[in-house]
Protein chains: 2
Amino acid sequence: MSLLVTGSIGIDTVKTPYGVSENCLGGSSVYFSMAASFFTPVRFVGVIGSDCPFNLAQVFADRNVDLSGLEIRPKSKTFRWAGTYHDNMDDRTTDNVELNVLAEAPPGVPDVFKDSKFVFLANTTPALQQQLLEQINGPDFVAVDTMNLWIQDHLDDLKKLLKKIDCLIINEDEVRMLAADNNLIKAADIILNMGPSVVITKKGESGSIMCNADGDKFILPAYPATVVKDPTGAGDSYAGGLMGYLAQSGKTDFETLRTAIAYGTVVASFAVADFSLNGLANIRKSDIDSRLETLRKLTTF
Amino acid sequence: MSLLVTGSIGIDTVKTPYGVSENCLGGSSVYFSMAASFFTPVRFVGVIGSDCPFNLAQVFADRNVDLSGLEIRPKSKTFRWAGTYHDNMDDRTTDNVELNVLAEAPPGVPDVFKDSKFVFLANTTPALQQQLLEQINGPDFVAVDTMNLWIQDHLDDLKKLLKKIDCLIINEDEVRMLAADNNLIKAADIILNMGPSVVITKKGESGSIMCNADGDKFILPAYPATVVKDPTGAGDSYAGGLMGYLAQSGKTDFETLRTAIAYGTVVASFAVADFSLNGLANIRKSDIDSRLETLRKLTTF
């Protein structure tokens, strides 16, 4: 079934203990689309300025990513982000953020995308996410990312949005902050009461936890990657693998969601193995399937 | 097969966000023995002073814990520890430590224990652990705990000990410190090269990872406990469940080790549900087996 993503396209400069990647392609919708395209066609909505050095049509060549929702604003500048990862590859310092085009009006959802059934709203202000969501006619399954800043400063907007979506995919610190509870299981239950029927808590190198409104739970460790060069985009790649598999399956029952989380986990493990999109650019679906089976063996007792 | 534990018996004062437990029974060998006794008889080696208010024979009544190795020193004082857990129940501040009898000569291993086949050396100086180990005649499987202090200040002793043991069970910070590598998989491989054939990395509420010298790996999340009142003794309870199951099975192949880790994980989840030994005192083996099956379902895709 159709899968739509709204999110950022970025010019990233990333420093990690393994090197520096200057002015490389990044952004949530880019990572998401690359990841999801292994499973299903992707409808891409995003906006760049005239300074963007990347040819997205070329980036996504042969990848079944429909760029009808890519808007290029001649008088605007593209979003830029620069960050430095610490030795543990988990904590990072933001060195520079230039919102540029992201601070303007959001891109419109093209008419041909408005019947999308699976929707991922990557991280931006909850009000903007709601505006984007309102342009879709009756989606089946809407998943959303958010961040600490909006939980702190835009909580009312976020709570309104949570009533209209199906699945929240955020990291453990954000889960604790939003629920005001340190126990991740109790915190997920609190968030489920705010609206979504599924809460997925990302724990970085410790994997993820899914809880649903029926009390079902699923816990999966991360794939034990030994090559981690650049964690940028790991979360969006995870969401891309997950939503890509769901849209491909056309189902959202708990059994399908479990497998979707496993696919998200595995796709993220490839994404972090190299800078920018390189970790995802050079693999095939069969590599993903093979690693999924390895992960199954690694976690079965 | 026979299982021996050497470790501490403590008078603990524990503060957590859920309450305070003053002068309660604690200590690594106590938690370990309580946990392991669900699976197999335990041979207990430890030392207390005349001030110890606890009757260990009563504590372990009907639990198949042989206290022949319990030494009571009339002129000594029992080990005391006091600590406060922070809101996240992971970080803790040590408020007070009185080594007392632990700073004296270690207890002797009784002759009737010297043929023990499975041995757990709970955390103390590596030199002391080696002295204790040398009193055992040809054990089949020796597992060891250690801590940051000994990795920093007694590294040579620790490295000597590592050559003589089978399994190291330590937490993730200690793994990183000992291996001088932040990646837990690479770090485990580095430690495997120091001697042990199995390295088990404990990650608290994020579960544990086992790596062996053949390149086999197993990763298991923690049981998603919603009731966590006192994490004290979680690691020793984990080791107790793990070693108890191994000794009961009489095997140490990777398949058996996987199940042993699952049992350790589940036993630890009961241990943290209440202060002191209370979480383990009021359960039955059937509760452990039932939760093991729940954990299996929670982690299967």
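**Exercise 1. State how many salt bridges are counted between chain B and chain A, and follow those that involve E205(B).**

Solution. The count between chain B and chain A is four salt bridges. The model is a predicted one, and the distances below are computed from it.

Step 1. Take K203(A). This residue forms a salt bridge with E205(B), and the closest N and O atoms are 3.7 Å apart. A salt bridge requires the nitrogen to be within 4 Å of the carboxyl oxygen, so the pair K203(A) and E205(B) qualifies.

Step 2. Take R176(A). Its salt bridge with E205(B) has closest N and O atoms 2.8 Å apart. R176(A) lies in helix α6 (residues 172-179) of chain A, while E205(B) lies in the loop between β11 (198-202) and β12 (208-212) of chain B, so this pair joins two chains.

Step 3. Compare the surroundings of the two residues. R176(A) counts as buried because its relative accessibility is 16%, under the 20% limit. E205(B), at 44%, counts as partly exposed.

Step 4. Join the pairs. E172(A), R176(A), K203(A) and E205(B) form one network through salt bridges that share partners.

**Exercise 2. Describe the interface between chain B and chain A by its contacts, its buried area and the residues on the side of chain B.**

Solution. 

Step 1. Count the residues. In chain B, 33 residues are in contact with 33 residues of chain A.

Step 2. Give the area. The two chains bury about 2800 Å² between them, and 55% of it is on carbon and sulfur atoms. I219(B), L298(B) and F301(B) supply 28% of the area that chain B buries against chain A, more than any other three residues.

Step 3. Across the interface of chain B and chain A, 17 residue pairs are in polar contact.

Step 4. Find the elements of chain B that take part. At least two residues each come from α6 (172-179), α7 (184-192), β13 (217-220), α9 (254-271) and α11 (285-299) of chain B. The largest share, six residues, comes from α11(B).

Step 5. Sort by class. The side of chain B that touches chain A has 16 nonpolar, seven polar and ten charged residues.

**Exercise 3. Contrast two salt bridges within chain A: D115(A) with R43(A), and D289(A) with K285(A).**

Solution. Over all chains, the whole structure has 20 salt bridges.

Step 1. In the pair D115(A) and R43(A), the closest N and O atoms are 2.7 Å apart. This pair links distant parts of the chain: D115(A) is in the loop between β7 (92-98) and β8 (118-121) of chain A, and R43(A) is in strand β4 (residues 42-49) of chain A, 72 residues apart.

Step 2. D115(A) counts as partly exposed because its relative accessibility is 43%, whereas R43(A), at 18%, counts as buried.

Step 3. In the pair D289(A) and K285(A), the closest N and O atoms are 3.1 Å apart. Both residues lie in helix α11 (residues 285-299) of chain A, four residues apart, about one turn of the helix.

Step 4. D289(A) is partly exposed, with a relative accessible area of 26%. K285(A) also counts as partly exposed, at 26% relative accessibility.

**Exercise 4. Work out how strands β2 and β3 of chain B are joined.**

Solution. 

Step 1. Strand β2 (residues 10-16) and strand β3 (residues 19-26) of chain B run antiparallel and are joined by six bridges.

Step 2. As one example, D12(B) has C24(B) in β3(B) as its bridge partner.

Step 3. β2(B) and β3(B) form a hairpin, with two residues between them.

Key:
Residues are numbered from 1 along each chain as its sequence is written. Chains are lettered from A and ligands numbered from 1 in the order in which they are written. This is a predicted model: local features need pLDDT of at least 70, side-chain atom pairs count only at pLDDT 80 or more; totals for chains, interfaces and linings use all residues. Side-chain values use heavy atoms; hydrogens and water are left out. Contact means heavy atoms within 4.5 Å. Buried area is the accessible area (1.4 Å probe) that two parts lose on being put together, summed over both. A salt bridge is a side-chain nitrogen of Lys or Arg within 4 Å of a carboxyl oxygen of Asp or Glu. A polar contact is a pair of N or O atoms within 3.5 Å; within protein, one must be able to donate a hydrogen and the other to accept it, and residues adjacent in sequence count only if both atoms are side-chain atoms. Ala, Val, Leu, Ile, Met, Phe, Trp, Tyr, Cys and Pro count as nonpolar, Asp, Glu, Lys and Arg as charged, and the others, Gly among them, as polar. Two strands pair if DSSP finds at least two bridges between them. Buried means under 20% relative accessible area, exposed over 50%, partly exposed in between (1.4 Å probe, protein chains only).
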